[in-house]
Amino acid sequence: MESAVKGLKGVEQDSVKVMFNASKVKTNFNEQEVTLDEINKAIEDVGYEVLKSKARAV
């Protein structure tokens, strides 16, 4: 899952944190280069279900 998200253009690779015990992924991304839906799809494409997602502007 981590490598799938890191492989997306627009995702800050050093910011990707997968917390399996909390069923969460946190990352910083450039919304002009990649969308939240694209990140969700990358996670689903490696076999994980995305139950909900949210983005926060920084």
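View 1. Helices here are DSSP runs of H or I with at least four residues, strands are E runs of at least two, and both are numbered from the N terminus. This is a predicted model, where local features need pLDDT of at least 70, side-chain atom pairs count only at pLDDT 80 or more, and totals for chains, interfaces and linings use all residues. Residues are numbered from 1 along each chain as its sequence is written, and side-chain values use heavy atoms, leaving out hydrogens and water.

View 2. Ile39, Asn40, Ala42 and Ile43 are buried in α2 (under 20% relative accessible area, 1.4 Å probe, protein chains only; exposed is over 50%, partly exposed in between). They sit on the same side of α2 because they cover an arc of only 160° around the axis, taken from the directions from the helix axis to the C-beta atoms. Over on the other side, Asp37 and Asp45 are exposed. The cover over the buried residues includes α1 (2-6) and β2, with contact meaning heavy atoms within 4.5 Å.

**View 3. Asn30 in its loop.** Look for Asn30 in the loop between β2 and α2. Asn30 is partly exposed, at a relative accessible area of 31%. Gly10 is 20 residues away from Asn30 in sequence, yet their C-alpha atoms are 5.0 Å apart.
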